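Hello,

Here is the structure you asked for. My notes on it follow below.

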Amino acid sequence: MDNETQLILNFDLKELARFENFIIDDNQTLINDLQNESQFCIYFYGTSGSGKTHLLHSLCHEYTRFSKSTTYIPLADYQSLSPKIFVGLENMNLVCIDDIQMIAGIEQWEIELFHLYNRVRDNNGRIIVSSAISLKSLPINLADLRSRFSWGPVYQIKALSDSNKCLALQQHASSRGLELTDEICEYLLSRYSRDIGSLFEMLDALDKAALVAKRKITIPFVRKILVDE
């Protein structure tokens, strides 16, 4: 792998992303397969904020903990990258690719990804792919690439229940040294975006605002911040 590619691959992982702090809900089978090294390729999909990136980062952290090589490729900003980013990744124990839907239908990206899949398989590595849409709906033009992904398990991340969204928010708050009551969680769910990613971002914004104002996070304080938003 050349120096240019190595620099490109310095994508940050969320330090706090771990399987232990992912609210599993109805996703236990997916978690089991992600942690099962005999599963060579997994394709899983879900809406924004469903936890796709969290799971990929968690898996990378787990591999790193056991001194295994990993790489994480976020394709949300694929326009700033080159399809050649996939060259040499077959030497990794684990390749995680996020938001594959972004490059579906783009010939050179599909060709390079197809070749990467084959090389990773030949090297006994793993390739884990996330998407915002199902494999059936993914607008891939290269039929052989679609068939490769269909060989392994395909999962949809199940949405969290409201009670588990509250639990996820409280765990996230605790990791930042905050205490978040059930009442505040319910208030946020009833008056703000309900996807967990947006809720985490709002909680981070509340934390920063509370530090600046030297205030506790209360419902009146949350109400004021939401109005200002």
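At what angle do the axes of helix 6 (residues 162-175) and helix 8 (residues 196-213) cross? They cross at roughly 35° and come within 10 Å. Axes here are lines fitted to C-alpha atoms, for helices over the stretch in contact, and angles run from 0 to 180 degrees between N-to-C directions. Helices (H or I, at least four residues) and strands (E, at least two) are DSSP runs, numbered from the N terminus.

Before the rest, some ground rules. This is a predicted model, in which local features need pLDDT of at least 70 and side-chain atom pairs count only at pLDDT 80 or more, while totals for chains, interfaces and linings use all residues. Residues are numbered from 1 along each chain as its sequence is written, and side-chain values use heavy atoms, with hydrogens and water left out.

Helix pair

The crossing of helix 6 and helix 8 is right-handed (the near helix is turned clockwise from the far one by less than a right angle). Helix 6 contributes Lys165, Ala168, Leu169, His172 and Ala173 to the contact, and helix 8 contributes Ile196, Leu199, Phe200, Leu203 and Asp204; contact means heavy atoms within 4.5 Å.

An open sheet of 5 strands runs in the order 2-3-4-1-5 with parallel pairing; two strands pair if DSSP finds at least two bridges between them. Strand 2 and strand 5 (154-156) are the edges, each pairing on one side only. Helix 3 (residues 52-65) packs on the sheet and touches strand 1 (41-45), strand 2, strand 3 and strand 4. The direction of helix 3 makes about 165° with that of strand 3.

Strand 3 (residues 94-98) has 5 of its 5 residues buried, that is, under 20% relative accessible area (1.4 Å probe, protein chains only). Leu94, Cys96 and Asp98 lie on one side, with Val95 and Ile97 on the other. Strand 3 pairs with strand 2 (residues 70-74) over 5 bridges and with strand 4 (residues 126-131) over 4 bridges.

Regards

Definitions and conventions. Buried means under 20% relative accessible area, exposed over 50%, partly exposed in between (1.4 Å probe, protein chains only).
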